[in-house]
Amino acid sequence: MTRPRLFHYWSSMPAQRVRLALAYKCVDHELVALSHDDDATFFELGIAHADLVLCLADGSLHKDSLAILRQLDDWVGGKPIFDGLVEAAAWQALLDWRQSVEHLLARLYAPVAPAFADIGADPAIQAAYKAQIEHRFGMSVEALSNDRYDGFNQFAAQSRLAELARHLGRQRFYAGGAFSACDLLLACDLFPLQLLDGVTMPLDLMYYIERVEKTCGASLRDGLIMQH
């Protein structure tokens, strides 16, 4: 293999961080969209199922999207997303913010994941996904969908979403006004919230996500069954 290859699920936002990063870098790469019943690919790779697998030209396999974003400049070159753009303290602060709201995001993501082709296009996979969600949260996908308003309001308060929106509206990008790995993390985290019926995102955040997509030359809507 002479070029990077990314195995990814459309519904996995960690995987989409890496997909957009590769697109932004304009390096030659291959994308392989996975199905959740694809055991053969992981058997061939010799690893357990993962949300994403980045195979580099040297044969190494990488599954942690945050570690990938941190090191991708060194691994594949292209336009930088981290080196010289993101200070270590700022990156850690963003990761701490992400960790503080991760449980809320997971509950909000659950009802919208079937909108993506890798889950919603196959009835058997969708049924298995719904069973997994009910086991994880003790609530059905439908119940979590009904709870989306309260969940979003709780997320907005805990994440200081309005303040984040104002910052991104003023600065255009998260770190000093220049596009970076921080924006890949944020845009992919926030994008699924736009798919929640009846939930209104701050306009500055919607424009921000669109700005990140245009900067990368790739859309987070590509994997949706129906374009929202």
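Let's start with Phe173, which is buried, at a relative accessible area of 8%. Buried here means under 20% relative accessible area, exposed means over 50%, and partly exposed is in between, using a 1.4 Å probe and protein chains only. Before going on, know that this is a predicted model: local features need pLDDT of at least 70, side-chain atom pairs count only at pLDDT 80 or more, and totals for chains, interfaces and linings use all residues. Residues are numbered from 1 along each chain as its sequence is written, and side-chain values use heavy atoms, with hydrogens and water left out.

Now look at what surrounds that ring. Phe173 and Phe179 form an aromatic pair, edge-to-face, with 5.6 Å from centre to centre and 85° between the planes. For rings of Phe, Tyr and Trp (its six-membered ring), a pair needs centres within 6.5 Å; planes under 30 degrees apart count as stacked, over 60 as edge-to-face, and the rest as tilted. Phe179 is buried too, with a relative accessible area of 7%.

The structure holds four aromatic pairs. In one of them, the rings of Tyr24 and Phe179 have centres 4.5 Å apart and planes at 45°, so this pair is tilted. It links distant parts of the chain: Tyr24 is in helix α1 (residues 13-25), while Phe179 is in the loop between α9 (161-171) and α10 (181-190), 155 residues apart. Helices (H or I, at least four residues) and strands (E, at least two) are DSSP runs, numbered from the N terminus. Tyr24 is buried as well, at 12% relative accessible area. Put together, ring pairs link Tyr24, Phe173 and Phe179 into a cluster.

The charged end of Lys79 sits over the ring of Tyr24, 4.3 Å from its centre, and Arg211 lies over the face of Phe173, 5.9 Å from the ring centre. To count, NZ of Lys or CZ of Arg must be within 6 Å of the ring centre and within 35 degrees of the ring normal.

Next, follow the helices. α1 and α10 pack at an angle of about 135°, their axes 9 Å apart. Axes are lines fitted to C-alpha atoms, for helices over the stretch in contact, and angles run from 0 to 180 degrees between N-to-C directions. That makes α1 oblique to α10; angles under 35 degrees count as roughly parallel, over 145 as roughly antiparallel, 65 to 115 as roughly perpendicular, and the rest as oblique. On the α1 side, the contact is made by Met13, Gln16, Arg17, Leu20 and Ala21, and on the α10 side by Leu184, Leu185, Cys188 and Asp189. Contact means heavy atoms within 4.5 Å.

Gln194 counts as buried, at 18% relative accessibility. Leaving aside neighbours within four places in sequence, Gln194 is in contact with Met201, Met206, Ile209 and Arg221.

Finally, the backbone. Most residues other than glycine have a negative phi. Cys26 is not a glycine, yet has a positive phi of about 60°. Cys26 lies in the loop between α1 and β2 (30-33) and is exposed, at 63% relative accessibility. Arg172, not a glycine either, has a positive phi of about 75°. Arg172 is in the loop between α9 and α10 and counts as partly exposed, at 45% relative accessibility.
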